Amino acid sequence: MFNQPKATDSILEVNKLTKHFKDFSLKNISFQLPRGYIMGFIGPNGAGKSTTIKLIMNLLPKDSGQIKVFGLDNLAHELTIKNRTAFVFDENHYYEELSIRTMASIVASFYKHWEPQTFEKFLKDFELKPKQKIKELSKGMKMKFSLAIALSHGAELLIMDEPTAGLDPIARSEFLEILAALIQDEQKSIFFSTHITTDLDKIADFVTFLHHGEIVLSAPKDDILDKYGIVKGANDVLDEETKSQFVSIKTNQFGFEGLVRDKERALRYFKERAIVEKPTLEDIMLYTVRGEQHG
Amino acid sequence: MNIIITNSSPEPIYQQIVTQLKNLILRGELTEEEALPSIRTLAKELQISVITTKRAYEELERDGYIETVAGKGSFVAAQNKDLLREKRLRIVEEKIAIAIAAARVAGLKREELFEMFKLLYDEI
């Protein structure tokens with residue numbers, strides 16, 4: 001349905017990745033992120049986003065499939081990959097009593113290519129005071145501190161699990177601006193999970209949507225938003241045949257609203273009997289999840 | 001140079017950029033060989049995806065409005081003078097057609113419209 005980026009310029013490549021737990025499975029997931037772009041990883045809670053990220057970082061053993069980072073197998077070249085990858089979790093895992101400066105010097109010792117000047121520059125850009133204690137930082141400032149640390153060892157790939165969780169709208173918007181600035185050099189890629197789809201409406205280049213451990217779609221965001229459509233109309237337009245066009249439909253006393261995968265086809269089919277609008281990523285996620293619940 | 005993106009338009013964002021840059025070039029606000037912002041700068045400033053700006057530039061390049069030199073960036077292409085004039089004339093024609101349609105709705109006669117046109121032409 002969509003054009004996939006060529007495998008050769010992929011910075012992150014996940015191929016038929018599978019992992020079984022007692023009550024949940026990640027089934028055969030594949031996607032690719034080319035160098036220089038941002039990919040958002042969305043899906044409802046429990047879809048398998050964190051599991052996927054842990055498998056990429058090799059914090060969990062996979063059952064089958066392959067993960068390549070910078071074109072290298074993530075198990076065979078784990079150390080090389082980790083030195084060139086930055087990883088940010090949502091929860092704060094720093095010592096609350098330490099100052100920014102002290103905490104940074106501890107973390108710095110773990111990395112092969114720590115860049116003190118880069119770190120100082122980020123502190124300045126993010127308006128963080130080196131003497132401030134971690135526990136005194138707001139949630140947004142903690143996120144910036146994590147980013148400053150993650151980005152000060154020459155990483156080319158930034159992987160983040162729910163980085164915007166708990167941030168207020170202003171901190172979120174600042175965070176997204178930082179991401180847009182990071183990919184300016186055409187060398188870095190960013191992969192981050194979120195269940196706040198509006199994080200992706202603006203800057204994300206690619207979107208991968210995971211549901212029940214399976215990929216619903218993985219494509220350039222623009223293609224997704226151009227292809228899908230929200231159709232609204234009067235209830236008498238709906239019959240068994242028209243209903244089959246939809247991913248899922250919501251009806252009320254005064255009309256219906258539903259998601260279709262092919263907007264152009266819907267326009268030809270419904271003509272003036274319905275309104276066809278551009279969907280948001282949230283619409284696509286909600287209607288897809290709904291569609292499965294209702295069979 | 002201004003580019004305004006609206007999310008309420010059904011027109012895709014890349015198309016909005018294409019239309020606005022074409023107009024800037026046709027109106028002469030962007031001149032031959034003038035450098036355009038890089039696709040990444042434009043994406044960052046407008047807070048949109050790099051793929052969107054890339055697609056817009058690719059379309060402008062295909063239509064001959066801009067040229068991209070590897071490693072140097074994108075520039076306004078040298079325009080064929082006759083073609084440019086023709087395109088500009090077409091814009092004038094389109095706008096006049098809109099005015100005529102509006103005049104018909106308002107019930108203006110041919111002469112009344114001419115009169116109004118003359119008055120406004122001297123004023124603006």
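In chain A, the centres of domain 1 and domain 2, taken over C-alpha atoms, are separated by 34 Å. The structure is a predicted model, in which local features need pLDDT of at least 70 and side-chain atom pairs count only at pLDDT 80 or more, while totals for chains, interfaces and linings use all residues. Residues are numbered from 1 along each chain as its sequence is written, and chains are lettered from A and ligands numbered from 1 in the order in which they are written.

Domain 1 of chain A covers 7-224 and domain 2 covers 228-293; these bounds come from an automatic or database domain assignment. Contact between the domains involves 11 residues of domain 1 and nine residues of domain 2, two residues being in contact if their C-beta atoms, placed from the backbone, lie within 7 Å. On the domain 1 side, helix H7 (198-201) and strand E9 (206-211) of chain A each supply at least two residues. Helices (H or I, at least four residues) and strands (E, at least two) are DSSP runs, numbered from the N terminus. That side of domain 1 divides into seven nonpolar residues, three polar and one charged; Ala, Val, Leu, Ile, Met, Phe, Trp, Tyr, Cys and Pro count as nonpolar, Asp, Glu, Lys and Arg as charged, and the others, Gly among them, as polar.

The secondary structure of chain A comprises 11 helices and 14 strands. Its radius of gyration is 21 Å, close to the 19 Å given by the globule rule for 295 residues, so chain A is as compact as a globular protein of that length. The radius is taken over C-alpha atoms, and the rule is 2.2 Å times the number of residues to the power 0.38. The C-alpha trace of chain A spans about 65 × 40 × 40 Å along its principal axes. Of the 295 residues in chain A, 37% are buried, that is, have 20 or more other C-beta atoms within 10 Å of their own, with C-beta atoms placed from the backbone.

Helix H5 of chain A (residues 139-150) has 12 residues and reaches 16 Å from its first C-alpha to its last, close to the expected 16 Å at 1.5 Å a residue. The expected span is 1.5 Å times one less than the number of residues. Buried residues of H5(A) include A:Met143, A:Phe145 and A:Leu147. The buried residues of this helix pack against strand E6 (85-88), helix H3 (100-108), helix H4 (116-125) and helix H6 (169-182) of chain A.

The contact between the chains takes 15 residues from chain A and 13 residues from chain B. H3(B) provides the largest share of the chain B side, four residues.

Methods: A residue is buried if 20 or more other C-beta atoms lie within 10 Å of its own, exposed if 12 or fewer, and partly exposed in between; C-beta atoms are placed from the backbone.
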